[in-house]
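Hi,

Here is the structure I promised to pass on to you.

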Amino acid sequence: MSPEGKTLLNVVVLGLGFMVMFTAFGTCGNIEQTVIKSFNSTEFHGSGYTSMAIIYAVFSASNLIAPSVIAVVGPQLSLFFSGLLYSAYIAVFIHPYTWSFYTLSVLLGIGAAVLWTAQGNLLTINSKDSTIGRNSGIFWALMQFSLFFGNLYIYLAWHNKSHITDKDRQTVFITLTVISLVGNFLFFLIQRPDPEPAPSDASESLLPTEISDSCDVAPSQTLGSQALDAFKRSIQLAMTKEMLLLSIPFAYSGLELTFYSGVYGTCLGAMTQFGEGAKGLIGLSGILIGVGEILGGGVFGIMDKCNRYGRNPVVFLGLVTHIVAFYLIFLNIASDAPVAPEEGTQMQAFIQPSVAVALICSFLLGLGDSCFNTQLISIVGFLFRDDSAPAFAVFKFVQSITAAIAFFYSNYLLLHWQLLIMVLVGFMGTGTFFLVEWAAISARRDSDYDSI
């Protein structure tokens, strides 16, 4: 197989592994608050929103050490062992206890930082400047198929259900745990890419177990120095002008991740006006979010349609798509839906609630999210190719800390305040992304600029 074919296969396998694993975890996150509200036990006092806030808070802090872990362990094993923590978190819901629920939330936050930094590192070392946009789109589209399969299962299993029984919960989460374990083992199919003719020292230092063949230095000294260098480099990158500007769109991606992956499904399940099938509507909404994600990843990544225009038009389309979705949600969903009890909300929306409008919004949320994330992955991989692990760690640090904040305030803020926060940060983030992209185009105007 040619070197280019091998790297493309690695990207596909990486996407498939994430697709299978997040079929389980994404579905878990989408339904957990609804499941907890229906849980029949006086021994359990957890909150899905609080759990997610803990996960993303620890995720954010752990991003500072994630490059060091990858430098020592290697990206492939980092994916596998961190993936096991995802499986353990899902398994908690089979027989949930408050202590185990929150303990696994902390451990998952650590694992998530390592997982996503390793993903960005592997995607970058298997890409060139001319293929980073295409590979970002391929990975994103494959991963987002997870929303389709997992939520289709929830829709079929919970259709016409107004209450989730213990048997319903156990059946679903046993299935999801097994699925997540299968995804973890797929990571072992990723092959070592052929080295480039003159690889940079910075790239080599991030993958000692994969590329380095040096025998002149003691292994413990080499690994220790590489881990420390990766940590220092993360701090240095975070202070650069480009990263400071990109931190605002990073933050926005965290806010809207929280909304579409947890809050919006809870809102739909709380709308008594949608009838007894409101719980099953959570799964159908997740499917349409996945359709939007897959469409966006395919059009703007795999097909590479916007190459000549750069990344800015795609990000602008993402903002417009989200603004339309937020406005329709504001009109269609009751304000107290995010914090309503298990019985649902009794408040009225501004218009007669419509299932069709709610599902259109699900699709728009997914499409807009794919616009932002494919371009953020692309520009980080493009600008910081020689420091991919530290750069993606900074990306995930900012994204996860804002997601943690959003999950925390989702316990208390009414819907319209949550939407307003996302609109304001979205406008600012789009503007700063434009500045970074214009600077990148200007700096490389005389060279081949083929990535998106």
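Thr 117, which lies in helix 5, touches Asn 63, Ala 66, Pro 67, Ile 70, Ala 389 and Ala 393, leaving out residues up to four places away in sequence. Contact here means heavy atoms within 4.5 Å. Helices (H or I, at least four residues) and strands (E, at least two) are DSSP runs, numbered from the N terminus. Thr 117 counts as buried because its relative accessibility is 0%; buried means under 20% relative accessible area, exposed over 50%, and partly exposed in between (1.4 Å probe, protein chains only).

Before going further, please note that this is a predicted model, in which local features need pLDDT of at least 70 and side-chain atom pairs count only at pLDDT 80 or more, while totals for chains, interfaces and linings use all residues. Residues are numbered from 1 along each chain as its sequence is written, and side-chain values use heavy atoms, with hydrogens and water left out.

For the overall picture, the protein has 15 helices and zero strands. Of its 452 residues, 57% count as buried. Among contacts with a separation of 6 or more, 87% are between residues 24 or more positions apart.

Back to the partners of Thr 117: Ala 66, Pro 67 and Ile 70 are among them, and these belong to the buried residues of helix 3 (residues 66-73), together with Ser 68 and Ala 71. Just after helix 3, Gly 74 takes a positive phi of about 100°.

Helix 5 (residues 98-125) also packs on helix 2 (residues 48-62), at an angle of about 40° and with the axes 7 Å apart. Helix 2 is therefore oblique to helix 5. Axes are lines fitted to C-alpha atoms, for helices over the stretch in contact, and angles run from 0 to 180 degrees between N-to-C directions. Angles under 35 degrees count as roughly parallel, over 145 as roughly antiparallel, 65 to 115 as roughly perpendicular and the rest as oblique. The crossing of helix 2 and helix 5 is right-handed (near helix turned clockwise from the far one by less than a right angle; anticlockwise is left-handed). On the helix 2 side, the residues include Ile 54, Ile 55, Val 58 and Phe 59, and on the helix 5 side they include Phe 101, Tyr 102 and Trp 116. The residues of this contact divide into 12 nonpolar, six polar and no charged. Ala, Val, Leu, Ile, Met, Phe, Trp, Tyr, Cys and Pro count as nonpolar, Asp, Glu, Lys and Arg as charged, and the others, Gly among them, as polar.

Phe 101 is buried, with a relative accessible area of 0%. Its contacts beyond four places in sequence include Glu 32, Phe 44, Gly 48 and Tyr 89. The C-alpha atoms of Phe 101 and Gly 48 are separated by 9.5 Å, and the two residues are 53 apart along the chain.

Helix 10 (residues 241-270) and helix 13 (residues 355-383) make another pair: their axes come within 10 Å and cross at roughly 155°. Helix 10 is therefore roughly antiparallel to helix 13, and their crossing is left-handed. By class, this contact has 16 nonpolar, three polar and three charged residues.

Lastly, Ser 127 lies in the loop between helix 5 and helix 6 (132-158) and is buried at 3% relative accessible area. Beyond four places in sequence, Ser 127 is in contact with Ile 132, Asn 135 and Arg 385.

Best wishes
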